[in-house]
Structure formats: structure tokens, C-alpha cells
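Visitor: I would like to go through this entry slowly and ask, at each point, what stands behind the words that are used. Could we begin by looking at it together?

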Amino acid sequence: MFIDPLCPDCWALEPIIKKLMIEYGRYFTIKHVLSGRLATLNIGRKQSYDSIAELWEKTASRSGMSCDGSLWFENPISSPHLASVAIKAAELQGRRAGIRFLRKLQEVLFLEKQNVSSFEVLKECAISIGLDVAEFINDIHSDSAGKALQCDLKITSEMDVHEIPTLVFFNENIEDEGIKITGYYPYEVYVQILEEMLMEKPERSSPPPLELFLQHFKFVASKEIAVVYNMSLNEVDLEMKKLQLKQVVEQIPVKYGVFWKYNPSELT
């Protein structure tokens, strides 16, 4: 999966990726590759900020995954490069650590409008997801994270990826060509590609009970719950209000829609 941490469409794809992992995750693994496509934007010009802010707002209203474009006027990101290096530094503590860090970085960027080119913001992300912070700080300043990012940029170039997000599906036979899919598609399209790659109809797993889902992911959008559980946003709201009354979750209103924060201390 070719991504850029500043890309709103990569953020918008989160519900579909969660659903795919839950229903068919035993058939595949995801490798995140940082493409650096947005990092090459001529960030710093007023018209760039205008167009990026407009893209964020459009993506949010279309996808249901909130992102607040006013960041580009209030707290613009001057150097996206550091955020990408930080993701590679987190990955040095394991693939799952890298995924958790990427998600946290997206949350503070799209929802909290924090400047992810700030070292302090990145350090807070590392603390909040339980990374070894001393190791993270050491890695972010080392050659290892920079080299890992350069490796990702090389893969992006070699695989001729020009847009993000792009997913490239490979099967176990490395001689076979991959299937490349660029952009944001309905869930069924990704399932169909899985079927083509496996040459059989994969067996779908049911999602876990909602409380277990929340316990695992900690902080999720109503949109993510709706996609994973095939519910309308109204149905999600009804279910989550019940859990809110039990103090299992806390409602976090954002610019577009609602997020829910899991409260582990309240669970009996």
C-alpha cells in the first residue's frame, strides 16, 4: 500500500482497509510504502495551501473521514519529510508499531490540526502509542530511518506509482505480475481482486463484537464502524450511545462526523 501521511485519500481508505483486514486478513499481509508524492509538493506557497485545504474538505465530506483543511491556514506544515522519517523510525520497533504510529500521526494531523513536521508533536505520538521513546528519538536521527525511507521511494519509482493511495496485490508466485489499483474504490472491488489473486472465493470472517473492536483500535470514526459492521451512521450512533451510557466509550465530535474513544478503565 503506497501512502503519504499527509494524503487525505489515504486517511479516507482507513474504513475499507480495516474491513478488509477483519474479513480476509488471514489471506494477506499489508506492507506500507511511503511514496513521498505529497512531500514533493511546492509547499509554502499560498495557492498550494488553498488547494490542499480544499482537497481535505472535499475528501472529508465525500468519505465521512473527517479532516480539517483549516490546518493549512492556521498551522501549515512546512516540511513533510520529517513525518515520513518518523514513521520509518517507528517501524524499526516492528511492523505493528509502525502502523500504530502512522494511525496516531493521521489522527493528530487530520483531526487535531497539529503540525506533524514538529519534532515535539512526533515525540508525543510515540509516547501516546507506547513506543520506546529513547529508541525512537535515536532512530529518527540515525541513518537507519532515512535509508528505510529512501528504500520506499526507490520501490515507488521502480513500480511506477504516480498517485496515492495505490494498492498493488501480489500472490505467492513472485513470477506473476501484481495487480495495481490506484485511488479509492468501493469495498467489493478489493474483495474481487483478492478472489482473482487467490483463484478461489476466500472465506469471509465475521467482525468481532463491537466492544472488542473498540478495545483493539482504541479510537475510531463512526464511519469506520459503519463500514466494518454494515450499519448506517444512525444505527452506529444508536449502538455507540448505549456504550457511552455504560461509560465504555467517550464521544469525540470533530469537524465532520464523530469519533469514539475507548475507555479501558471503565470496562468491567
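This is a predicted model: local features need pLDDT of at least 70, side-chain atom pairs count only at pLDDT 80 or more; totals for chains, interfaces and linings use all residues.

Visitor: Which residues have the most contacts inside the largest nonpolar core?

Guide: They are Trp72, Phe101, Val116 and Phe136, in a core of 67 residues. Its largest share, seven residues, comes from H6, and the core draws at least three residues from each of domain 1 (2–159) and domain 2 (210–262). Apart from it lies another core, of 16 residues, among them Phe213, Val220, Met240 and Leu243.

Visitor: How far apart are the C-alpha centres of the two domains, and how many residues does each give to the contact?

Guide: The C-alpha centres of domain 1 and domain 2 lie 23 Å apart, and the contact takes 20 residues from domain 1 and 14 residues from domain 2.

Visitor: Turning to the rings, how many aromatic pairs are there, and why is the pair of Trp11 and Phe259 called stacked?

Guide: The count comes to nine aromatic pairs. For Trp11 and Phe259 the ring centres are 6.1 Å apart, to be set against a limit of 6.5 Å for pairing; the planes stand at 5°, and under 30 degrees counts as stacked, so the pair is stacked. The pair links distant parts of the chain, with Trp11 in helix H1 (residues 8–12) and Phe259 in strand E7 (residues 258–262), 248 residues apart.

Visitor: Are these two residues, Trp11 and Phe259, buried or exposed?

Guide: Trp11 has 0% relative accessibility and therefore counts as buried, and Phe259, at 1%, counts as buried by that cut-off too.

Visitor: What makes the pair of Trp56 and Phe110 tilted?

Guide: The rings of Trp56 and Phe110 are 4.7 Å apart centre to centre, with 55° between the planes. Stacked requires under 30 degrees and edge-to-face over 60, so the remaining angles are called tilted, and that is the name for this pair. Trp56 in helix H3 (residues 46–63) and Phe110 in helix H6 are 54 residues apart; Trp56 is buried, with a relative accessible area of 0%, and Phe110 is also buried at 0%.

Visitor: Which residues do ring pairs link into a cluster?

Guide: The cluster holds Trp11, Tyr49, Trp56, Trp72, Phe110, Phe219 and Phe259.

Visitor: How do you know that the charged end of Lys18 sits over the ring of Phe217?

Guide: The charged end of Lys18 is 4.6 Å from the centre of that ring, where the rule asks for a distance within 6 Å and a direction within 35 degrees of the ring normal. The charged end of Arg62 likewise sits over the ring of Tyr184, 5.4 Å from its centre.

Visitor: Why is Lys19 called buried, and what does it touch?

Guide: Lys19, in helix H2 (residues 14–24), has 6% relative accessibility, and because the cut-off is 20%, Lys19 counts as buried. Leaving out residues up to four places away in sequence, Lys19 touches Tyr187, Val227, Val228 and Asn230.

Visitor: And why is Lys218 called partly exposed?

Guide: Its relative accessible area is 45%, which falls between 20% and 50%, so Lys218 is partly exposed. Lys218 lies in the loop between helix H11 (210–217) and strand E5 (219–221), and its phi is near 75°, a positive value in a residue other than glycine.

Methods: Residues are numbered from 1 along each chain as its sequence is written. Side-chain values use heavy atoms; hydrogens and water are left out. Helices (H or I, at least four residues) and strands (E, at least two) are DSSP runs, numbered from the N terminus. Buried means under 20% relative accessible area, exposed over 50%, partly exposed in between (1.4 Å probe, protein chains only). A nonpolar core is a set of buried Ala, Val, Leu, Ile, Met, Phe, Trp, Tyr and Cys residues joined through side-chain atoms within 4.5 Å. Domain bounds come from an automatic or database domain assignment. Rings of Phe, Tyr and Trp (its six-membered ring) pair if their centres lie within 6.5 Å; planes under 30 degrees apart count as stacked, over 60 as edge-to-face and the rest as tilted. Contact means heavy atoms within 4.5 Å.
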